[in-house]
Amino acid sequence: MPKNSKVTQREHSSEHVTESVADLLAHEEPVDYKRSVLNVTGEAWDKQKDGDEELDAENRPAWNSKLQYILAQIGYSVGLGNVWRFPYLCQKNGGGAYLVPYLVLLIIIGLPLFFLELAVGQRIRRGSIGVWNYICPRLGGIGYASCLVCFFVGLYYNVIIGWSIFYFFKSFQYPLPWSECPIVKNGSVAIVETECERSSATTYFWYRETLDISNSISESGGLNWKMTLCLLVAWSLVGLAMIKGIQSSGKVMYFSSLFPYVVLVCFLVRGLLLRGAVDGIMHMFTPKLDKMLDPQVWREAATQVFFALGLGFGGVIAFSSYNKQDNNCHFDATLVSFINFFTSVLATLVVFAVLGFKANIMNEKCVVENAEKILGYLNTNVLSHDLIPPHVNFSHLTAKDYNEMYRVIMTVKEGHFKELGLDACLLEDELNKSVQGTGLAFIAFTEAMTHFPASPFWSVMFFLMLINLGLGSMIGTMSGITTPIIDTFKVRKEVFTVGSCIFAFVVGLIFVQRSGNYFVTMFDDYSATLPLTVVVILENIAVAWIYGTKKFMQELTEMLGFRPYQFYYYTWKYVSPICMAVLMTASIIQLGVSPPGYSAWIREEAAEKFLFYPTWAMAILISLIILASLPLPLVFILRQFHLVSDGSNALSVTYKKGRMMKDISNLEDNDETRFILSKVPSETPSPMPTHRSYLGPGSNSSMEMSSAPNGRYGSGYLLASTPESEL
């Protein structure tokens, strides 16, 4: 017997032995059947092939450093939604009071599910398809559904990066092109563009100069060549960042993840120095406690938590799969979750400091315009001079003086007040104007920046930040597609990455026609929400109820070196599935209560108008939801009725010395001897379905005797020290 074997070591040790025979056999160095006299199969040993397989396994990509990995996860989870969705929800749902339900749901839903995805990716070291194929083959459709949702989201998300690229290049001029309405010549007369005059300069530039938008989704209007070119640039950036996998995308993350924080801090400092910034921040964080009792607030908070962390997309699993086995993914989950939360709060401070400044500018403009109306009424004797308080000076009229004058006139002229057409000009009304998404970034924020000193500099910084935020999220989204496909189908990384980017660009041309913005809205609202909610519920069920929470917790203990808190046991098993089921039910009810529609820009009216989707658009909308969810029942049926192999007798992941080893597919009954006598120690199966490490004489941990029906083997065999047996 070899001197370094566990049995020999035990003979010379006085330590009390508590390990089972199964444990000893599992760790014993096996014979390489191909090179030994025990090779009775007649199979020749191909040294070159064997070496190539090991080399391929040993060369599996890995993060250069822990910092690079953390920045990649932060770059993926912190995206455009943190800048333009979270502030809007915070304002809409009670200001500071909204932070309470958001933080509660982040802790009981977001953090546990984020930790779960990190753990399974790190343990099995495969993309989403491989992970869920192993854990529960009948739920293997989870991985394919994640890939489809990533594809749908990537299609329109990169269009937003294209818009940001367009504004970025337009920012290198003074004054900014959206600061004033264009002048058009009508014969010898120069007049302001009517559409711009009836809306605003920034609104006109967005809808007409940038999108050249049509009046409805039914009016295609042809391709917008400027946006087509910007979309090509955006996909080229993503392709270059992804071409070498994490070897290239990891380096990009150093800039794309850190630069947005530099810009946000600069904007916060600059914003706090602006007049009226404090008004915006005070308005933002003044809690409306009654909102906390509104179920709609909790539903929107849960949805935001869900999407902010990128749950269900597969990007989290993909990034985590390149980690070492002993990486502390619990620390990673906690760190990234709360960095995401504090980034949202930081972005909210920046947004409302700037919007507070903009609200003051707009309020002063309102006061000036209405003061001119009052002066006109005084000069025509429509109003008496006795109504004007003696201390009011029209040449230096303040908002306070105007409000006092407004109340007096409204009281005296109560019967005919509406005919005067005076506005209240309340700062609170300006601050209450909710803006989100493209309306916040490309209209409200750009308008505020036109009033900044050195406005082109701030515009360049802002849109460069949006490009980096979008690029970080796109790299994670594309990894949710490329990693599982490359792992599962063994395609060449470079070829598949370039091919998928070209294909996505061609399909994405639907978003750069003149009606493209309406398709972006459709995909954003409906292509991901419901399918991803179902995906995450099934992920949770697969691990907590099918694979087993106790088994999963024990294997996390072996992987991390410490036992995770019991908090995770109860959230995975009970709290998170229930909360996600409630969220899914609420989302379905919301779809039924609110007929699908979109805000269309009507050129003749120079205003937005809500329109319902036509029948053909509704068909596309429903098809998106069905197509994204289709892999879930399809894979289940195919494997339940054995129409395709469920992989239960195939080993997809093996390990050698903590590194990824080769795949052994279609392990037939007559191959069991070959497998047992394989070259790699970790490939030797334990006769026990589950192996637990030797924990010492004082350990209370007992060996589980479950049959593991959902493992890779239909007979319940699991590897003793491979990811398959331990997850």
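**Close-up views of a predicted model**

At 6% relative accessibility, Cys425 counts as buried, a word for residues under 20% relative accessible area, with exposed meaning over 50% and partly exposed in between (1.4 Å probe, protein chains only). This is a predicted model, in which local features need pLDDT of at least 70, side-chain atom pairs count only at pLDDT 80 or more, and totals for chains, interfaces and linings use all residues. Residues are numbered from 1 along each chain as its sequence is written, and side-chain values use heavy atoms, leaving out hydrogens and water.

**View 1. Cys425 has a positive phi near 55° and is not a glycine.** Cys425 sits in the loop between helix H19 (417–420) and helix H20 (427–431). Helices (H or I, at least four residues) and strands (E, at least two) are DSSP runs, numbered from the N terminus. Most residues other than glycine have a negative phi, and most peptide bonds are trans.

**View 2. Asp212 also has a positive phi, about 45°.** Asp212 lies in the loop between helix H11 (201–210) and helix H12 (225–242). Asp212 is partly exposed, at 28% relative accessible area.

**View 3. The peptide bond from Tyr174 to Pro175 is cis.** Its omega is near -5°. Pro175 belongs to the loop between H9 and strand S1 (183–186).

**View 4. Helix H9 (residues 141–170) packs with helix H27 (residues 615–629).** The angle is about 145°, and the axes are 8 Å apart. Axes are lines fitted to C-alpha atoms, for helices over the stretch in contact; angles run from 0 to 180 degrees between N-to-C directions. H9 brings Ala145, Leu148, Val149 and Phe152 to the contact, and H27 brings Leu624, Leu627 and Ala628. Contact means heavy atoms within 4.5 Å.

**View 5. Trp132, Ile135 and Phe267 touch the most other members of the largest nonpolar core.** This core has 173 residues. A nonpolar core is a set of buried Ala, Val, Leu, Ile, Met, Phe, Trp, Tyr and Cys residues joined through side-chain atoms within 4.5 Å. H9 gives the most to this core, 18 residues. A second, separate core of 18 residues includes Cys425 and Ile374.

**View 6. Arg270 is buried yet has no salt bridge.** A salt bridge is a side-chain nitrogen of Lys or Arg within 4 Å of a carboxyl oxygen of Asp or Glu. The nearest side chain of opposite charge, Glu364, is 14 Å away; Lys and Arg count as positive, Asp and Glu as negative, and His and the chain ends are not counted. Arg270 is in helix H13 (residues 246–272).
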